[in-house]
Structure formats: structure tokens, C-alpha cells
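Me: I would like to go through this structure step by step. Please keep the answers brisk.

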Amino acid sequence: MSEIVLIRPPMVLSKYSLSPSVTPPLAIAYLSATLREHGYQPQTIDALGEDADRLTPIPNTVGLAQGLSIDHIVDRIDADARIIGFSSMFSCAWTYDRKIITRIRERFPRALIVGGGEHITACPDYALRDCPSLDLCVRGEGEETLLDLVGTHFAGKDPRSVAGVAFRRDGSVHLNPPRARIRGIDSIPDPYWDDLPLETYLGRGFGHGVNRGRSMPLLATRGCPFQCTFCSSPSMWTTRWEARSPQKVLDEMKKYISKYRAQNFDLYDLTAIVKKQWIIEFCDLIIKSGLKFTWQLPSGTRSEAIDAEVVDRLWKSGCRNMNYAPESGSPTVLKKIKKQVKLPRLEASMRAAIQRGLNIKINMIFAFPDDTPYEMWEDYKFGIRCALMGVHDSTFIPYVPYPGSELYHQLVKENRIEPLSDDYFNNLIPFSDLKHARSYNSHLSDRQLVWARALYFAIFYGAMYLRRPWRPVRMLMNVFQGRQESRGEETLRHLLLRNRLLRRLIPGT
């Protein structure tokens with residue numbers, strides 16, 4: 001029996017969400033590895049992976065919870081649990097996460113319940129006020145803070161003294177000084193996967209990137225050195241970017257190939273390619289190893305260090321899919337959101353990648369609060385240029401004010417968005433939904449935003465398919481043959497799987 005339990009909750013998504021959601025619990029695996037290295041034996045519960053075919057409608061929302069039911073999660077917790085760690089990553093899932101935490105408290109009244117993850121880090125004060133069942137919040141990078149917290153609690157001392165946590169005292173929320181980022185990240189043990197349902201992901205082609213075989217998640221770097229105003233990364237990771245030793249990353253890959261028969265690696269890095277010399281060294285090590293596998297950059301990367309020389313090495317080392325993250329096609333908007341990207345340099349980088357054979361997707365965010373109609377039209381023009389040059393796929397996600405970001409705090413200060421509430425978080429659920437959207441731009445209503453998004457996709461894919469008419473034929477062939485090469489094909493596969501599950505859940509759907 002385990003006295004420490006780590007829980008990854010179900011994934012919350014909307015019915016028509018375009019974002020694939022079934023990904024291995026990398027954060028939980030890292031925390032488990034750190035605790036085990038110091039002699040603890042935590043129990044891990046991956047509510048998504050342990051029942052990925054269950055979809056539970058969330059009342060009064062457009063949301064679905066994918067994974068174990070709340071009762072099953074609580075039943076899985078060891079009776080001897082003294083510390084229960086709960087990972088709350090996404091603000092759109094907070095109201096559902098809160099229900100789970102509350103139910104856990106009812107079953108384990110004496111346990112120390114600790115929350116962590118991106119959402120908890122972004123608004124620990126709100127989480128503690130809104131969820132009385134939550135005892136402590138871990139802010140930011142979790143390994144060292146959780147280890148310190150566990151040792152302090154088991155020694156009979158007050159865990160509220162630990163750096164990097166938030167807690168309640170005398171009716172008020174207190175935030176301890178933040179813990180410094182881990183600098184020697186090569187010393188962090190590799191994720192521990194042995195007690196997690198890894199085969200659910202490997203055997204069924206689930207992952208963060210395109211299904212190119214048995215795919216393992218990987219982190220080669222941590223953090224992001226930039227300060228985009230729409231992103232909450234600075235509150236989670238600060239602006240420090242740390243890269244692992246390329247050899248250490250390759251060693252981890254070799255281990256997974258041997259132990260789990262991995263064929264592909266999805267890099268979950270926020271910004272993997274920052275230093276040109278690092279990525280060249282990493283690619284050269286893979287090439288010299290003689291190993292044959294594919295790897296991807298599905299989260300979005302920058303173009304500054306990616307030129308023809310780097311692209312050639314990416315291809316030779318097995319990189320096949322890469323996301324660029326311009327976010328906007330308007331130079332004015334890029335300046336306002338502090339996105340340090342030059343569109344001509346970005347386009348040159350994408351052309352080099354496409355010419356070498358890489359499958360390229362761009363990430364676009366539409367309708368920031370202060371965008372003018374002309375600036376939004378520039379997004380369309382940029383999308384058309386990308387489609388004509390050969391970019392394979394594009395997102396077009398309406399702007400969402402996520403807690404913890406600079407722009408969110410600015411909008412709150414200006415009274416332009418409502419305070420945090422259940423309605424606020426539930427309105428975040430359909431952020432990538434085809435049928436629902438919430439507009440924070442005065443020039444577009446919610447319904448107009450839905451149609452603007454549909455128009456962008458029609459224009460982007462129409463231009464791309466007219467220029468390259470063999471691509472839709474190839475896409476349909478790949479889908480019917482059960483393989484994927486692009487993110488568009490991967491998204492279509494997930495939508496088909498989700499609709500099949502929904503028809504089983506709700507006949508007539």
C-alpha cells in the first residue's frame with residue numbers, strides 16, 4: 001500500500017474539439033520518478049489512460065470528461081494514503097477537477113491534498129478559496145517542491161513552511177516565496193512509466209503528435225525565454241530556458257526503444273529549438289547512432305534557429321512533423337502580444353522545411369481583444385500565403401484569456417472580462433470547438449467568430465488543395481488505411497474515434 005498517491009484526472013474537452021486529447025501523463029511520470037529515487041513508493045492513477053473509451057457528459061456545459069468516472073478514481077486510491085497529489089493542468093477543466101478533489105476529501109478526511117500543474121500555478125489563491133478540500137498548492141516546477149513537502153510532512157513538520165507552496169491560514173491565502181527553477185535538469189531522473197497504463201497510448205497510436213507508430217513523450221528542454229502576453233508559461237516556468245544534454249536525451253530514447261519498442265518520439269517542449277548549436281549536436285548524435293526512428297515537434301517552435309542547414313539535419317535524424325507558432329499574420333499584432341517573430345524569416349524557414357520534406361503545421365490565434373478588422377484580415381492573408389507555399393495544416397483558435405498570462409491580467413484590470421467563476425472556466429471548454437466560440441473582440445460576436453473560423457479553414461485548405469490536388473486524395477487514403485502523416489489526418493482520426501464513442505454513449509448522436 002502507498003502513503004503517497006499521484007493523480008492525473010480525466011481530460012475535459014468539447015464534443016467537436018479539434019484538439020487530440022489522449023496523451024501520456026508525462027508530469028506524473030516525472031514526479032513519480034523523483035519520489036522513487038528518494039525511496040518513496042507512490043501510487044499513480046492515470047484516470048485518462050485507465051479508461052480512455054469512457055466519455056462522461058458534464059452537466060450544464062458543452063464538455064465531456066474522458067477517462068475514469070469520479071467514483072472509480074476515488075475507489076482506486078490506496079486506503080493508507082496520507083498525501084494525495086492532484087495535477088490540474090487546464091483551466092477549462094477546473095470545475096470538474098474540483099468535484100474530484102471534493103469527493104476525495106469526503107473519502108480521505110485526514111489526507112493532505114496537494115494541487116499542482118499549470119492551472120494551479122496560474123491562480124493558487126482562487127483555487128484554495130474555491131475548493132476548501134484543497135490543502136496546499138504547488139506553484140511552478142514540481143519535482144523539488146513535492147519532494148520537500150513529502151519529507152517535511154512525514155517528519156511531522158508543517159508542510160506550509162515549504163518554499164513554492166500556497167496555503168490557507170486564518171481565512172486568508174498565503175503564498176510562500178517561489179522556488180528557484182531547477183538548473184541541473186540533467187540530474188532529474190527519467191520519467192517512471194512502469195506503473196502507468198503506457199500500452200494504452202503506445203498500442204493505440206495515442207500521443208501529442210501524429211500517429212507514426214508507438215510514440216513516447218519526451219522533454220529535451222524546459223521553459224521558454226520569451227514573454228508572449230497571451231501565454232501563462234512565464235508564471236509556470238519563469239522565462240528561463242534550460243536544455244538537457246543532447247546525449248542524455250538520446251540515451252533516454254535508446255532506453256524506450258529497447259524497453260517499450262518505441263518507434264516515434266513526441267517532444268513536449270514549449271520551445272525546443274532556441275540554440276542552433278544544441279539542435280545540430282542533437283541531430284548529429286542521432287544520425288551517428290544509426291538508429292532508425294521518427295520524432296516530432298508538435299507543440300510549436302520558433303524559426304530563428306531553423307535554416308536550411310538545420311532543416312537538413314532534422315530530416316536526416318528522423319524529424320518528420322514540426323509545428324511553427326507564428327500566432328498572428330499581422331506585424332502590428334505580433335508587436336502588441338510581444339511575439340518576437342519576423343514573418344519573412346518565418347516564411348523562409350517554413351519553405352526550407354517543406355522543400356526538405358517535413359510535414360508542417362502553423363498555430364494561429366485569432367481575434368485578440370484589440371485586433372482591428374484589418375489586422376484580422378492579415379491573418380487570412382498570411383494563412384493563404386502559407387497554404388500556397390505548401391504548409392500542410394493550420395490551427396485557427398479564438399483567443400482565450402487564460403489565467404496567469406499578462407494579457408489576462410490586463411483585461412481584468414480594465415474590467416473587460418468577468419471575474420473567475422464556474423461560468424468563466426466552463427466558457428473555456430470549447431476553445432477549439434467547431435460549433436462554439438466565445439469572442440473577446442468587440443468587432444465579432446460569438447456566432448460571427450464561429451463563422452470567421454470556418455471561413456479561414458475553407459480558405460486555407462481550399463488554397464492548399466487547389467495548389468496540390470493530390471493531398472486530399474492522399475489524406476483519405478491514409479485515414480482509411482489507419483495511418484497518419486499530418487496533423488489534419490490525426491485530428492480527423494480523433495474526431496472519428498470520439499464520434500464512435502459518443503454514439504455508443506448517446507444513441508442518435
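Reply: Start with one term: a contact means heavy atoms within 4.5 Å. Keep in mind that this is a predicted model.

Me: Which helices and strands do the buried residues of H11 pack against?
Reply: H11 covers residues 308-316, and its buried residues are Val310, Val311 and Leu314. Two of the partners are strands, E15 (294-301) and E16 (319-327). The partners also include two helices, H10 (276-289) and H13 (343-356).

Me: Why do the buried residues of H11 line one face of the helix?
Reply: An α-helix has 3.6 residues a turn, so residues three or four places apart point the same way. The buried residues here are Val310, Val311 and Leu314. Looking down the axis of H11, they line one face because they fall within an arc of 100°.

Me: Which exposed residues sit on the face of H11 turned away from its buried side?
Reply: Exposed means over 50% relative accessible area. On the face of H11 turned away from the buried side, the exposed residues are Ala308 and Lys316.

Me: Is arginine 261 buried or exposed?
Reply: Arginine 261 sits in the loop between helix H9 (246-260) and strand E14 (264-267). Its phi is near 55°, a positive value in a residue other than glycine. The cut-off for exposed is over 50% relative accessible area. Arginine 261 has 54%, so it is exposed.

Me: And is glutamate 327 buried or exposed?
Reply: Glutamate 327 also has a positive phi, near 70°, and is not a glycine. Its place is in strand E16. Buried means under 20% relative accessible area. Glutamate 327 has 9% relative accessibility, so it counts as buried.

Me: What radius of gyration does the protein have, and why does it agree with a compact globule?
Reply: The chain has 509 residues, and a compact globule with that number would come near 23 Å. The C-alpha atoms fill a box of roughly 65 × 55 × 50 Å along the principal axes. The radius agrees with the globule value, because the protein has 22 Å.

Me: What share of the residues is buried?
Reply: The protein holds 19 helices and 19 strands. Take contacts between residues at least 6 apart in sequence: 75% of them join residues at least 24 apart. Of the 509 residues, the buried share is 59%.

Me: How far apart do the centres of the positive and negative side chains lie?
Reply: The protein has 68 positive side chains and 56 negative ones.

Terms used
Residues are numbered from 1 along each chain as its sequence is written. This is a predicted model: local features need pLDDT of at least 70, side-chain atom pairs count only at pLDDT 80 or more; totals for chains, interfaces and linings use all residues. Side-chain values use heavy atoms; hydrogens and water are left out. Helices (H or I, at least four residues) and strands (E, at least two) are DSSP runs, numbered from the N terminus. The radius of gyration is taken over C-alpha atoms; the globule rule is 2.2 Å times the number of residues to the power 0.38. Buried means under 20% relative accessible area, exposed over 50%, partly exposed in between (1.4 Å probe, protein chains only). Lys and Arg count as positive and Asp and Glu as negative; His and the chain ends are not counted. The place of a charge is taken as NZ of Lys, CZ of Arg, CG of Asp or CD of Glu. The arc is that of the directions from the helix axis to the C-beta atoms.
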